[in-house]
Amino acid sequence: MNPPFDRNLSVWVKKAAAEAKINGGTKVCLIPVRSNTKWWAELSIESEIRFINGEVNFNDEKRGLWMGMCIIIFGEKAKKGTFSIIDYRSIREKEKQMNN
């Protein structure tokens, strides 16, 4: 899920967490890091968080998103209470080298 990055972001993420609890399965969300919020503190304990190092880029634009991004995972496949780093910067560099 890639929800709108607006004031309702927490509503979308809370819904993903609730859906994983109620209906099972795994819910994956690409969201901006909001570690300064109450909802983040509450949900991060029951999720797996993968922080993204580098600018997330869509459609091969010159610049990606300027804000810190992460993938937050809820449900059966989530390694709850853990976090890791995705080195997106290196992945993009390797892609550029392969395309040249």
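I started with R63, which sits in the loop between β2 and β3 (69-75). A caution to myself before going on: this is a predicted model. I looked up how open R63 is, and it counts as exposed because its relative accessibility is 57%, with the cut-off for exposed at over 50%. Next I asked which residues R63 touches once its neighbours within four places in sequence are left aside. I found E55 and N57.

Then I went looking for pockets. Rolling a probe the size of a water molecule over the atoms shows where empty space is left. The largest pocket came out with a volume of about 160 Å³. R63 is one of its lining residues, and E55 and N57 are on that list too. I also noted G54, K62 and G64 in the lining, along with Y88, R89, R92, E93 and K96. How does the lining split by class? I get seven charged residues, three polar and one nonpolar.

**S47**

I moved on to S47, in the loop between α2 (38-44) and β2 (48-52). Buried or exposed? S47 is buried, since its relative accessible area is 0% and anything under 20% counts as buried. I checked what its side chain reaches.

I then listed the contacts of S47, skipping neighbours within four places in sequence.

**Aromatic rings**

I searched the whole structure for aromatic pairs and got three. In the pair W39 and W40, the ring centres are 6.3 Å apart. Their planes stand at 65°, so I logged this pair as edge-to-face, the cut-off being over 60 degrees. Both W39 and W40 are buried.

I looked at W40 with F51 next. Here the ring centres are 6.4 Å apart and the planes are at 40°, so the pair is tilted. I noted that this pair links distant parts of the chain, with W40 in helix α2 and F51 in strand β2, eleven residues apart. How buried are the two partners? W40 has a relative accessible area of 7%, so W40 is buried. F51 is at 25%, so I put F51 down as partly exposed. Putting the rings together, I have one aromatic cluster made of W39, W40, F51 and F83.

**The whole chain**

Last, I stepped back to the overall fold. I counted three helices and four strands. Reading along the sequence, I wrote the pattern as α-β-α-β-β-β-α. For the dimensions, I took the box filled by the C-alpha atoms along the principal axes, roughly 45 × 30 × 20 Å.

What share of the 100 residues counts as buried? I have 33%, and S47, W39 and W40 are among the buried residues I looked up. I also checked how far apart in sequence the contacts reach. Taking contacts with a separation of 6 or more, 70% are between residues 24 or more positions apart.

Terms used: Residues are numbered from 1 along each chain as its sequence is written. This is a predicted model: local features need pLDDT of at least 70, side-chain atom pairs count only at pLDDT 80 or more; totals for chains, interfaces and linings use all residues. Side-chain values use heavy atoms; hydrogens and water are left out. Helices (H or I, at least four residues) and strands (E, at least two) are DSSP runs, numbered from the N terminus. Buried means under 20% relative accessible area, exposed over 50%, partly exposed in between (1.4 Å probe, protein chains only). Contact means heavy atoms within 4.5 Å. On a 1 Å grid over the protein atoms alone, a cavity is a set of points where a 1.4 Å probe fits but cannot get out, and a pocket is an open set with protein on both sides within 12 Å along at least five of seven lines; lining residues have an atom within 4 Å of a point. Grid points are joined across faces, edges and corners, and a volume is the space filled by probe spheres set on the points. Ala, Val, Leu, Ile, Met, Phe, Trp, Tyr, Cys and Pro count as nonpolar, Asp, Glu, Lys and Arg as charged, and the others, Gly among them, as polar. Rings of Phe, Tyr and Trp (its six-membered ring) pair if their centres lie within 6.5 Å; planes under 30 degrees apart count as stacked, over 60 as edge-to-face and the rest as tilted.
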